[in-house]
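Reader: Could you walk me through this one slowly? I'm still learning how to look at a protein.

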Amino acid sequence: MINIIQWSTKIIERWFVSAENRIFKIHLFYMALKIVDHGSPEYQKMVRLREDVLRRPLGLTLEEDELDTERPHVHIGAFEEDILLGCCMLVRENDETVRLRQMSVMDNIQGKGVGRALMNFAENIARDQGYKQLIMHARKHAIGFYEKMGYQVTSTEFTEVSIPHVVMEKPLN
Ligand SMILES: CC(C)(COP(=O)(O)OP(=O)(O)OC[C@H]1O[C@@H](n2cnc3c(N)ncnc32)[C@H](O)[C@@H]1OP(=O)(O)O)[C@@H](O)C(=O)NCCC(=O)NCCS
């Protein structure tokens, strides 16, 4: 697969001292958004991040069988140089609909814009591939994040990986 790369900013606060000894704060740093090949070293980093952020806190683990089924999916990562900051995956449901899965941002940089950049990039990829809507099974505690990205809850609550989820959807105009 051809790796598509887009640059985006993440917001990390850093303090600097100017030549005139004035202290100022810089907010913007660049990250690269990329499509990653299944089985590549970058994919292995994604698996580790997904374990750390999504599975281990629930006392669960990713099984090899599950990972083997992921070959056809689109694997997306946000990187600062070779450090993986966050990742997600696009899974075809049908000709019209694609599902976002496994959205995860490194614990210590959550809330700084990485999730938003991943979401925007994933939506652009989905549009380029001709999909008309993006859906996800959102963890209940992440509903607010997806609402900020323009998604609406379209199901009642159900349990997945032992915690409450809802279906959320957004048309890709
Ligand atoms: C949910 C998650 C992917 C969001 O990514 P992030 O990088 O932390 O989010 P961003 O910094 O891009 O946030 C974008 C906006 O959503 C808001 N937001 C982020 N997480 C939120 C949450 N859980 N609830 C409500 N709002 C949230 C931010 O405050 C920000 O709002 P603003 O634009 O008004 O400032 C990330 O926090 C994460 O990995 N959480 C743990 C794993 C998880 O639950 N994944 C989702 C599985 S469905």
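Author: Let us begin with a term we will need: a residue is called buried if 20 or more other C-beta atoms lie within 10 Å of its own, exposed if 12 or fewer do, and partly exposed in between. Please also keep in mind that this is a predicted model.

Reader: Okay, so is Val161 buried or exposed?

Author: Val161 has 12 C-beta neighbours inside 10 Å, and therefore it counts as exposed. Val161 sits in the loop between β8 and β9, and its phi is positive, about 40°, although Val161 is not a glycine.

Reader: And Gln102, buried or exposed?

Author: Gln102 is buried, because 21 other C-beta atoms lie within 10 Å. Gln102 belongs to strand β5, and its phi is also a positive value in a residue other than glycine, near 60°.

Reader: Let me zoom out: how many helices and strands does the chain have?

Author: The chain has four helices and nine strands, and along the sequence they follow the pattern β-β-α-α-β-β-β-α-β-α-β-β-β. Of the 173 residues in the chain, 24% are buried.

Reader: Which residues have the most contacts inside the largest nonpolar core?

Author: That core has 33 residues, and those with the most contacts inside it are Ile76, Cys88, Leu118 and Ala122. The largest share of the core, seven residues, comes from α3.

Reader: What does Ala122 touch, then?

Author: Leaving aside residues up to four places away in sequence, Ala122 touches Ile76, Cys88, Leu90 and Leu100.

Reader: Which residues of α3 are buried?

Author: They are Val114, Gly115, Ala117, Leu118, Met119, Phe121, Ala122 and Ala126. As background, an α-helix has 3.6 residues a turn, so residues three or four places apart point the same way.

Reader: How far apart are the end C-alpha atoms of α3?

Author: They are 21 Å apart, which agrees with the span of 21 Å that its 15 residues should have at 1.5 Å a residue. After α3 comes Gly130, which has a positive phi near 90°.

Reader: Switching to the ligand: which residues are closest?

Author: The ligand is surrounded by 19 residues, and the closest are Gln110, Gly115, Arg116, Gly144 and Phe145. The shell divides into eight nonpolar, seven polar and four charged residues.

Reader: Which elements supply at least two residues of that shell?

Author: Those elements are α1, β5, α3, β6 and α4.

Methods
Residues numbered from 1 in each chain as written. Predicted model: local features only at pLDDT ≥ 70, side-chain atom pairs only at ≥ 80, totals over all residues. Near = placed C-beta within 6 Å. Nonpolar A, V, L, I, M, F, W, Y, C, P; charged D, E, K, R; others polar. Core = buried A, V, L, I, M, F, W, Y, C linked by C-beta atoms within 7 Å. Contact = placed C-beta atoms within 7 Å. Expected span 1.5 Å × (residues − 1).
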